[in-house]
Amino acid sequence: MMWLRTVVLSLSCALCVMTAQATPITLGYVLHQVLQEQPSLALAALNESLQGVNEQQRAALLDGQWGVALNGSDEKKPSPSPFGSNITNLAVLSANISQPLADGSSITSTLSYSRTRLRYPTTTSTFFRASLNPVYESKIDVIYRYPLLQGHGNPAYQQQAQVNAWGEQAAHWQVAVQQEQLLGQAAAIYYQLAANEISVRIAEDAVHRVAQLLKYQRKREAFGLVEAADRLQTEALLATRQASLVQAKAAIHSSRTTLQRLLLLPDAPASSWHTDTAADTTWLSPILHSDGALLADAKRQRPIFHLLQAQVEAADAQDRVLQDQLRPQLNLIGQVGSRALTGLSMRTTNDSFDLRDRYVGVGVEFKDTLGKHGTKAALARNGLQREQVLLQHWQTIEQIRTDIATARTDLNNARQNYLAMQQRMKAERRKYDAELQRYREGRSDTATIVQFSGDLRNAELQAALQQITIELARLRLHLAAGDILMALKNGT
């Protein structure tokens, strides 16, 4: 008996070490951890950052432009008049500045400064030559263009601000949609791990029961009370139960690995994880609301609805931009400028800022594009995209209704099944214990014991799994209503 005590003591110590090394994980830990570091969330956040570039592009619509050009030429050609010049030397300096304004109008300023020198044949008398040679000429003009139809109020600039703002909102809510999807995946894997742990525990209990039965049979076989065939049946059952245990452990390893990779955690801790579903009451509070109230909560809390609303608003703003492009261009143009023409460079420069020689003009400009097929196509595409968003909104509502109804049905069924399975498990345990007693008294056979052992195992497994189903169904209702992500954002 000494060796038996030693073995029992060793197994007890090993069990204590395993328990100490086991790392309990709760649903709250999993839900918090899954939102920490994720490539999909990083990509979605990057899209949100990229939307800020659109605002810089909108600001570019009011960027001014300027340019400078310097040209020189030497032209020689026969003169039709015997008294005209045959060579012209020309140098021109030109510059322009254009500034669009937020109301759709624009101001353009142009400067032209030129030097013209005429050369004559030697036979031409000085009497017939130009008195001003070289000639310096300058022109400074300020042109104001105001749109009366297309571009009035500058929708391309003003409405683009709305398009960009709603685009940034959509990108922000897209991140939240990704977060919700990750929460659903993490919860499903967590409860799968919990279910696999139950399967392992029940498989271990089944192996223990069959091993005890086999031990008892071997003793009776030694005294000739049972046949070898009975022992062989029990050994085959033990092998089957051990194979089931191996499969259950393989499933639990797979669930741990899947959860570990979803949380992006190192390889080491996963091997000692075990779920602590008893600590999940914070996330699994009773569902007191009706299905209609849960749908109302979903419309208020779920990021998908905020995302779709932002997309609709952006489409409406884009539609206003495109509608403006269907209008013809009717521009009112006002121009004022100074003129200077002298034979002295400095005087020409000074006279450029004097309006005694000036130009004043007012004009109306009308332009239109025939057909406008490009704008009409863009409008049609934008309208169809808006219709797609509205249909997706409807589809999302119906999908959430389905999710709520399905989860509610699963919850009610699981509760009823759990109560029934509890009663069955108690009955199966009493049946097995009674049959085991009859077997020990020689009034039953091994086949019956084997069958009753399997019945008890199935009853225990179904009862334990129904409890997991209850918790998962309750969590699915919270997810459908948007409660989980809202609680995480509020720091729960």
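I first settled the rule for charges on rings: a charge sits over a ring if NZ of Lys or CZ of Arg is within 6 Å of the ring centre and within 35 degrees of the ring normal. With that in hand I found Arg58 over the face of Tyr157, 4.2 Å from the ring centre. I also noted Lys431, whose charged end sits over the ring of Phe452 at 4.3 Å from its centre.

Ground rules, before I go on. This is a predicted model, where local features need pLDDT of at least 70, side-chain atom pairs count only at pLDDT 80 or more, and totals for chains, interfaces and linings use all residues. Residues are numbered from 1 along each chain as its sequence is written, and side-chain values use heavy atoms, with hydrogens and water left out.

I checked confidence next (pLDDT, the predictor's confidence in each residue, from 0 to 100). The protein chain has a mean pLDDT of 82, and 88% of its residues reach 70 or more. Over residues 1–21 pLDDT stays under 50, and the model has one contact beyond four places in sequence for them; contact means heavy atoms within 4.5 Å. Where pLDDT is low, the predicted coordinates should not be read in detail.

Then the aromatic pairs. Rings of Phe, Tyr and Trp (its six-membered ring) pair if their centres lie within 6.5 Å; planes under 30 degrees apart count as stacked, over 60 as edge-to-face and the rest as tilted. I get two aromatic pairs by this rule. Tyr144 and Tyr146 are stacked, because their ring centres are 6.4 Å apart and their planes are at 20°. Tyr190 and Tyr191 form an edge-to-face pair, 5.2 Å centre to centre with 80° between the planes.

For exposure I used relative accessible area: buried is under 20%, exposed over 50%, partly exposed in between (1.4 Å probe, protein chains only). Tyr144 is partly exposed at 34%, and Tyr146 is partly exposed at 24%. Tyr190 and Tyr191 are both buried.

On to nonpolar cores, meaning sets of buried Ala, Val, Leu, Ile, Met, Phe, Trp, Tyr and Cys residues joined through side-chain atoms within 4.5 Å. The largest has 67 residues, of which Val34, Leu183 and Leu259 touch the most other members. Leaving out residues up to four places away in sequence, Val34 touches Leu41, Leu182, Leu183, Ala186, Leu262 and Leu263.
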